Amino acid sequence: MNCEEPALAIGAVARQFARVASNAFITGITGQDGSYLSEFLLEKGYHVHGLVRRASTDNLQRIRHLLDHERLTLHHGDLTDGGGLTRLVAELKPDEVYNLAAQSHVKISFDTPDYTTDVTAVGAVRLLEAIRSAGVKTRYYQASSSEMFGKVRETPQVETTPFHPRSPYACAKLFAHWITINFREAYGQFGCSGILFNHESPRRGETFVTRKVSMAVARIKLGLQDKLALGNLDAKRDWGYAKEYVEAMWLMLQQDEPDDFVIATGETHTVRELAQVAFDHVGLDWEQYTEVDPTYYRPAEVDMLLGDPGKAKRVLGWEPATKFEGLVRLMVDEDLKLLGS
Ligand code: NAP
Ligand code: F7E
């Protein structure tokens, strides 16, 4: 770790404290899910270690409020750097590893297929190998995705639904999913794959459609923007609340046996409905402010996703509390607040 970095040096001090409860290592800690999972694990008494990649701009915004926590330690590294991962895992000997890091944008994966594969697919096997070579009894969580179902073969989608990925991102996630299962079968590693359907929050990146809509609605309401340009309005997604989904990740690693789980709400809605509910919430007519821009179309689209979280409910006792309309309104309200309204 580079102690010249002030933000990370805070963690260096924390590392001198004795371990409390368990020791978790999160890749992608600066992302939407990483930030919620860190909060969740810190509340449970974990010592949380996070992998942070070097950036020329601030990438710690989502975890800024946690940086002086005595049980949070950040480490520089990158999923494309196998040597660094190997050294880190050997040093930390984590009880649990959550592999949340990825080039996670589906449309961008068509522009950067090689890079997306390196981070999102090969990154997972680098981490699994790091755990294996360290010889530690680490429990591993792989952030798999409903995008793996792609051109869906059955509805709703369950753990046994055949896959048909439709983007370089989805192909990369499919590799990571299967290599997690392979390391489980080949080496007895405790590896779980959470097949999570779209999950959103006020911390969602602004180029994903829910946050793009909630932010635009807030800006239009406040007179800061005129129009919202969207791509495919007919695409259907099963959208849930990220803060609730991270608990499911943790629950998977607390079971006696490793397994794979679909995490979803069991409802599907179009992008058109998303815009409608968001504009309705601030008393505006969505059709007046929304236009279609083919720039946002994808070379191959996933038309419809709908997950059945029945197994997660039965085995993990996990159920989603926040559904589509509540989620959209919550996001619009938070963006209005963010913009000072
Ligand atoms: P996100 O907000 O895009 O966060 C991605 C994280 O990965 C960020 O911390 C990012 O770091 C990090 N990262 C990217 N490239 C990296 C690299 N080369 N080395 C190390 N770290 C790197 O994603 P999210 O929504 O939290 O999703 C978490 C995980 O779940 C991802 O793997 C995603 O593919 C998967 N997933 C997400 C959903 C969803 O609906 N959100 C559904 C299913 C699966 P920077 O902050 O520096 O960019
Ligand atoms: O698109 C359509 C777009 O980019 C949702 C990632 O977290 O969830 C996410 O992937 C739908 C698509 O998410 C715009 O064509 C229309 O059909 O918000 P998105 P995604 O592609 O579903 C999965 C589960 C992941 O694993 C991924 O990491 O909305 N859409 N108009 C648009 N999408 C975007 N981004 N922007 C638009 O203007």
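Q: Start with Asp-58 and Arg-64. How do their side chains meet?
A: In a salt bridge, with N to O at 2.3 Å. Keep in mind that this is a predicted model.

Q: Is Asp-58 buried, exposed or in between?
A: Partly exposed, because its relative accessibility is 40%. Arg-64 is also partly exposed, because its value is 41%.

Q: How many salt bridges turn up in the whole structure?
A: The search finds 15. One of them pairs Arg-272 with Asp-234, at 2.8 Å from N to O.

Q: What about Glu-301? Which residue does it bridge to?
A: Arg-237, with the closest N and O atoms 3.6 Å apart. This pair also links distant parts of the chain, 64 residues apart. Glu-301 is in the loop between strand S13 (290–292) and helix H11 (310–316), and Arg-237 is in strand S9.

Q: Are Glu-301 and Arg-237 buried or exposed?
A: Both are buried.

Q: Which residues are in the network with them?
A: Glu-147 joins Arg-237 and Glu-301 in one network, through salt bridges that share partners.

Q: Ligands next. Which residues come nearest to ligand 2?
A: Ser-104, Ser-145, Tyr-169, Arg-298 and Glu-301, out of 22 around it.

Q: What polar contacts does ligand 2 have?
A: A polar side-chain atom of Arg-298 is 2.5 Å from a ligand 2 oxygen. An N or O atom in the Asn-198 side chain is 2.9 Å from an oxygen of ligand 2. On the backbone side, a polar atom of Thr-207 is 2.9 Å from a ligand 2 nitrogen.

Q: How much of ligand 2 does the protein bury?
A: 96% of the 700 Å² that ligand 2 exposes when taken alone.

Q: What's the shell made of, by class?
A: Around ligand 2 there are eight nonpolar, eight polar and six charged residues.

Q: Now ligand 1. How many residues surround it?
A: 25. The closest are Thr-30, Asp-78, Ser-104, Tyr-169 and Lys-173.

Q: Which backbone atoms reach ligand 1?
A: Leu-100 has a backbone N or O atom 2.8 Å from a ligand 1 oxygen. A polar backbone atom of Leu-79 is 2.9 Å from a nitrogen of ligand 1. Gly-28 has a polar backbone atom 3.4 Å from an oxygen of ligand 1.

Q: Which elements supply at least two residues of its shell?
A: Helix H2 (32–43), helix H5 (113–134), strand S5 (139–145) and helix H6 (168–187). S5 has the largest share, with three residues.

Q: And the classes in that shell?
A: 10 nonpolar, 10 polar and five charged residues around ligand 1.

Q: Switching topic: how many disulfides?
A: The count is zero.

Q: Remind me what a disulfide joins?
A: It is a covalent bond between the sulfur atoms of two cysteines.

Q: How accessible are the cysteines, say Cys-171 and Cys-192?
A: Cys-171 is partly exposed, because its relative accessibility is 44%. Cys-192 has a relative accessible area of 0%, so it is buried.

Q: Last one. Where is Ser-193?
A: In strand S6, residues 190–196. Ser-193 is buried, because its relative accessible area is 0%.

Q: What does its side chain contact?
A: The side chain of Ser-144, in a polar contact of 2.6 Å.

Terms used. Residues are numbered from 1 along each chain as its sequence is written. Chains are lettered from A and ligands numbered from 1 in the order in which they are written. This is a predicted model: local features need pLDDT of at least 70, side-chain atom pairs count only at pLDDT 80 or more; totals for chains, interfaces and linings use all residues. Side-chain values use heavy atoms; hydrogens and water are left out. A residue is near a molecule or strand if one of its heavy atoms lies within 4 Å of it. A polar contact is a pair of N or O atoms within 3.5 Å; within protein, one must be able to donate a hydrogen and the other to accept it, and residues adjacent in sequence count only if both atoms are side-chain atoms. Helices (H or I, at least four residues) and strands (E, at least two) are DSSP runs, numbered from the N terminus. Ala, Val, Leu, Ile, Met, Phe, Trp, Tyr, Cys and Pro count as nonpolar, Asp, Glu, Lys and Arg as charged, and the others, Gly among them, as polar. A disulfide is a pair of cysteine sulfur atoms within 2.5 Å. Buried means under 20% relative accessible area, exposed over 50%, partly exposed in between (1.4 Å probe, protein chains only). Accessible areas come from the Shrake-Rupley method with a 1.4 Å probe; for residues, only the protein chains shown count as cover. A salt bridge is a side-chain nitrogen of Lys or Arg within 4 Å of a carboxyl oxygen of Asp or Glu.
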